[in-house]
Amino acid sequence: MSDNFGVIEFEWDIDPSDTALLVIDMQSGFLDLDSTFGKAGLNKNQRAIIPNVCGLVETCRESGIPIIWSIQEHIRDDKTRLCHKIPNHLEKRNLFVASRGTNELNIQEDMMKVHRPEDHILWKHRASCFFDTNLATKLKMLGVQMLIISGINSNYCVESTIREGYFHDFDLVVPKDCVAGSFLDLHEAMLKSVHIYFGVVTDLEEVAGKLSGKKAASGV
């Protein structure tokens, strides 16, 4: 079998009129050097994509694509997690990140430079941006069919959102240089899954090129 894993060649494009950009959890708790993740030495890969995600936000904004920022918020005495017989993912590694009432919920400082008041903020308490949130409804209200996915962490919040987004029948675009996680093998596995099953794996340059072509064609 080739490196393409049996996936057929196909053409795809981006129509800004029915596309949105989702920026997943690019917040202080995961990205700052003195954050829970930073002190544990787990955010080198995530910090490395900050310039690319900023570039993606600006590129999409220039094409009139709405920007949605997700914020992960954990509650330390979450009763639903306290009833687990098996330790939850925070307890397993003793990483209580993005806790309610802390500055770890803030959009990371460098990312705030490309944030705008008109952007949408999505609060979530679980990995997927769709689980128990109004994201699906919001996307329908915005007339969205294609969702560009960026952010962290590749194998958990990003992948959970991708899978559920696919189940909601959205077309999914994942720029590989705009997503990251602590574990390279799991990051690569997520990209492979997207390529085979859930959408298209691309990069910032290709997304920018497609959107630039659209602007040129429209005379903007």
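Asn4, Val7, Ile8, Glu9, Phe10, Trp12, His195, Gly199, Val200, Val201, Thr202 and Glu206 line the second largest pocket of this chain. Keep in mind that the model is a predicted one. Strand E7, residues 199–202, makes the largest contribution to that lining, with 4 residues. Sorted by class, the lining of the second largest pocket splits into 6 nonpolar, 4 polar and 2 charged residues, and the pocket holds about 230 Å³ of space.

Now for the largest pocket. Its volume comes to about 290 Å³, and 15 residues line it. Nearest the centre of the largest pocket you'll find Phe37, His89, Arg93, Asn153 and Tyr156. Two elements each supply two or more residues to this lining: helix H6 (89–93) and helix H9 (154–167). The class count for the largest pocket is 8 nonpolar, 6 polar and 1 charged.

| Pocket | Volume | Lining by class |
|---|---|---|
| Largest pocket | about 290 Å³ | 8 nonpolar, 6 polar, 1 charged residues |
| Second largest pocket | about 230 Å³ | 6 nonpolar, 4 polar, 2 charged residues |

Is serine 70 buried or exposed? Its relative accessibility is 2%, so serine 70 counts as buried, given that the cut-off for buried is under 20%. The side chain of serine 70 has a polar partner there: a 2.7 Å polar contact links it to the side chain of aspartate 25. If you skip the neighbours within four places in sequence, serine 70 touches Val23, Ile24, Asp25, Gln27, Leu122, Lys124 and Cys129.

Zooming out to the whole fold, the protein chain is built with 11 helices and 7 strands. Along the principal axes, its C-alpha atoms take up a box of roughly 55 × 45 × 30 Å. How does the radius of gyration of the protein chain fit with a compact globule, and what value does it have? A compact globule of 220 residues would come out near 17 Å, and the protein chain has 17 Å, so the two agree. Of the 220 residues in the protein chain, 48% are buried, and serine 70 counts as buried too. As for how the chain packs against itself, take the contacts between residues at least 6 apart in sequence: 79% of them join residues at least 24 apart.

Terms used: Residues are numbered from 1 along each chain as its sequence is written. This is a predicted model: local features need pLDDT of at least 70, side-chain atom pairs count only at pLDDT 80 or more; totals for chains, interfaces and linings use all residues. Side-chain values use heavy atoms; hydrogens and water are left out. On a 1 Å grid over the protein atoms alone, a cavity is a set of points where a 1.4 Å probe fits but cannot get out, and a pocket is an open set with protein on both sides within 12 Å along at least five of seven lines; lining residues have an atom within 4 Å of a point. Grid points are joined across faces, edges and corners, and a volume is the space filled by probe spheres set on the points. Ala, Val, Leu, Ile, Met, Phe, Trp, Tyr, Cys and Pro count as nonpolar, Asp, Glu, Lys and Arg as charged, and the others, Gly among them, as polar. Buried means under 20% relative accessible area, exposed over 50%, partly exposed in between (1.4 Å probe, protein chains only). A polar contact is a pair of N or O atoms within 3.5 Å; within protein, one must be able to donate a hydrogen and the other to accept it, and residues adjacent in sequence count only if both atoms are side-chain atoms. Contact means heavy atoms within 4.5 Å. The radius of gyration is taken over C-alpha atoms; the globule rule is 2.2 Å times the number of residues to the power 0.38.
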